[in-house]
Amino acid sequence: MRFLLALLILPTIGFAQITVTEADFGNAGDTARMSSTTDFTVDYTSTGTNFSWDYSSFLAESQTLLQFNGMSGVSPLVEFLFGSFAPSTYQADYFAEFDDLPIDQLDQLLPVYISNLLQFTKITADSVSSIGISIDVDGNQIPFRSDLIEKRYALPMNFGDSWTGFGFTELDLNPFADIIWRQNRTRTSVVDGWGTITLPMGTFDVLRVKHTIEENDSLYQDLLGTGNPSWFGLDLPTAHIYEWITNGEKEVVLRIETSEIGGFETVTNIEYRDTYDPLLASVNNLNWIEASVYPNPASNELHVDIETTRLDYSLVDVNGAILRIGSLSKPTIDISNLTPGQYILLGQTDQGTLRVPFIKE
């Protein structure tokens with residue numbers, strides 16, 4: 001009887017749901033090694049209860065070390081806005097590099113050089129939130145508090161939880177440049193699965209979280225060269241972030257990002273926790289450059305919005321099959337013979353490497 005009872009109990013113990021708390025997220029001084037890969041066929045939609053996700057076949061193409069930087073040694077202005085003398089709501093636990101501010105994609109159109117984007121994060125027992133950012137403008141670090149603080153995670157986190165975070169940040173670059181950027185985001189999140197995930201570095205008990213991000217930004221600048229700055233609306237495509245989170249790893253063990261265009265989701269980024277690979281760590285990452293295409297969806301011709309004297313390109317379908325390889329002196333590509341659907345443009349120019357999803361209608 002005791003043996004039978006033990007058999008009945010063991011499966012329950014082995015597949016118990018986890019709870020994610022503040023202790024499971026990185027803090028000042030922590031690091032997390034992340035590998036990146038390209039897989040157009042990855043299944044990011046399947047989820048459920050007591051689910052098993054197998055991504056053990058991922059092949060890393062590059063690797064970075066995510067650093068959670070403490071507030072010691074920051075500039076006086078950053079210390080004033082996010083350090084120990086700031087209001088408690090804005091006292092950051094750490095800052096780290098991030099790429100969720102599209103202003104850097106307009107760098108070629110701006111009269112100043114934008115670089116070194118940093119995000120400041122506050123962690124409490126009930127949330128992980130984005131409280132502000134800083135950017136370097138022509139080498140000058142300028143921090144900005146968020147007027148609306150975006151909740152990235154509600155804690156403690158369990159299967160079935162959901163939350164909404166609203167973020168609003170205004171970046172006034174005066175007096176360095178007569179530019180104002182307003183970032184307005186809504187993040188809707190739901191914990192839609194739990195179970196185990198298998199990655200190249202091992203198997204973890206996880207919660208699966210889906211974030212949907214709607215962002216409507218606006219830019220005040222003289223983009224038209226008229227001498228009179230104006231406001232321009234920048235409605236960005238809906239973004240989705242799928243994350244698998246475990247206990248004790250300080251960062252998600254897998255993050256898959258997609259962009260929604262014309263009702264289709266296209267994978268734009270895959271990164272996952274991994275072990276140190278000296279070959280990947282010693283190789284410089286590709287010089288990725290921002291580019292866009294128009295019209296999108298397109299019928300006959302695809303125009304790449306980038307200045308270049310030569311574009312070496314490949315057209316790839318969503319299954320990863322290379323459909324065409326070519327080289328052009330002007331970035332206009334004939335796509336009239338493609339069947340309607342979803343594709344990826346991979347390109348190499350004098351400035352670097354680009355990857356842009358598009359739809360053939």
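# Briefing: strands, salt bridges and aromatic pairs

Tyr242 is buried, at a relative accessible area of 3%; buried means under 20% relative accessible area, exposed over 50%, and partly exposed in between, with a 1.4 Å probe and protein chains only. The model is predicted, so local features need pLDDT of at least 70 and side-chain atom pairs count only at pLDDT 80 or more, while totals for chains, interfaces and linings use all residues. Residues are numbered from 1 along each chain as its sequence is written, and side-chain values use heavy atoms, leaving out hydrogens and water.

**The chain as a whole**

- The chain has three helices and 21 strands, which are DSSP runs numbered from the N terminus (helices: H or I, at least four residues; strands: E, at least two).
- Of the 361 residues in the chain, 45% are buried.
- Where contacts (heavy atoms within 4.5 Å) join residues at least 6 apart in sequence, 61% of them link residues at least 24 apart.

**Salt bridges**

- The count of salt bridges is nine, a salt bridge being a side-chain nitrogen of Lys or Arg within 4 Å of a carboxyl oxygen of Asp or Glu.
- One of them joins the side chains of Arg255 and Glu243, at 2.8 Å from N to O.
- Arg255 belongs to strand β13 (residues 254–261) and Glu243 to strand β12 (residues 238–245), so this pair ties together parts that are twelve residues apart in sequence.
- Arg255 also forms a salt bridge with Glu251, at 3.1 Å from N to O.
- Arg255 is buried at a relative accessible area of 11%, and Glu251 is buried at 13%.
- Glu271 is another salt-bridge partner of Arg255, at 2.6 Å from N to O.
- Because Glu271 lies in strand β14 (residues 264–273) and Arg255 in strand β13, the pair ties together parts that are 16 residues apart in sequence.
- Glu271 counts as buried, with 17% relative accessibility.

**An open sheet**

- Three strands form an open sheet in the order β15-β16-β19, with antiparallel pairing; two strands pair if DSSP finds at least two bridges between them.
- Its edge strands, each pairing on one side only, are β15 (293–294) and β19 (332–334).
- Two bridges hold the antiparallel pairing of β15 with strand β16 (residues 301–304).
- Val293 stands opposite Val304 in β16.

**Aromatic rings**

- The whole structure contains twelve aromatic pairs, where rings of Phe, Tyr and Trp (its six-membered ring) pair if their centres lie within 6.5 Å, and planes under 30 degrees apart count as stacked, over 60 as edge-to-face and the rest as tilted.
- Phe25 and Tyr153 make a tilted pair, 4.9 Å centre to centre with 40° between the planes.
- This pair links distant parts of the chain, 128 residues apart: Phe25 is in the loop between α1 (2–14) and β1 (31–36), and Tyr153 is in strand β7 (residues 140–154).
- Both Phe25 and Tyr153 are buried.
- Tyr44 and Tyr242 have ring centres 5.0 Å apart and planes at 40°, so their pair is tilted.
- Tyr44 lies in the loop between β1 and β2 (51–54) and Tyr242 in strand β12, so the pair ties together parts 198 residues apart in sequence.
- Tyr44 is buried, with a relative accessible area of 11%.
- Ring pairs also link Phe51, Trp53, Tyr55, Phe58, Trp244 and Tyr272 into a cluster.
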